[in-house]
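Welcome! Please take a moment with the sequence and the 3D view below, and then read on for a short tour.

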Amino acid sequence: PNNPLGKVLKCEELQVIAELCVKHNALCISDEVYEWLVYDANEHKRIASMPGMWERTVTVGSAGKTFSATGWKVRLEKVLKLNSILKPLSHFHNLIGDLC
């Protein structure tokens, strides 16, 4: 599912994207935060499950969305930011978020 429209890509659409990634040796970043919010007759399929895509797909998910714990995630993030290893990653994450 794609936020904000709720579009669920069909297998044929995923196949076209997969073929382009393989053809151009491209990395696929797949936002699957809403993978569990599929309604009606729609079915979620991970692009990483398509032929040739496992090794070239980075899947982004969200425990906060999956387990309805978004407030907990924010609090946990604040605690983790105290760790010296995660501070540079947090800065990078904020920078990328501003660019996208």
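## A first look at the chain

Among contacts in the chain between residues at least 6 apart in sequence, 67% join residues at least 24 apart. Keep in mind that this is a predicted model. The chain holds 4 helices and 2 strands, and from the N terminus on its elements follow the order α-β-β-α-α-α. Of its 100 residues, 19% count as buried. The chain exposes about 8000 Å², with carbon and sulfur atoms supplying 62% of that area.

Let us now turn to helix H1. Helix H1 covers residues 11-23, which makes 13 residues. From first C-alpha to last, H1 reaches 18 Å, close to the 18 Å expected at 1.5 Å a residue. Its buried residues are Leu14, Ala18 and Cys21. Seen down the axis of H1, these buried residues fall within an arc of 60°, so they line one face of the helix.

Just after H1 comes Asn25, placed in the loop between H1 and S1. Asn25 counts as exposed because its relative accessibility is 61%, and the cut-off for exposed is over 50%.

Here are the H1 residues by setting:

| Setting in H1 | Residues |
|---|---|
| Buried | Leu14, Ala18 and Cys21 |

How values were computed:
Residues numbered from 1 in each chain as written. Predicted model: local features only at pLDDT ≥ 70, side-chain atom pairs only at ≥ 80, totals over all residues. Heavy atoms only, no water. Expected span 1.5 Å × (residues − 1). Buried < 20%, exposed > 50% of the residue type's maximum accessible area, 1.4 Å probe, protein only. Arc of directions from axis to C-beta. Contact = heavy atoms within 4.5 Å. Areas by Shrake-Rupley, 256 points an atom, 1.4 Å probe, with all protein chains shown as cover.
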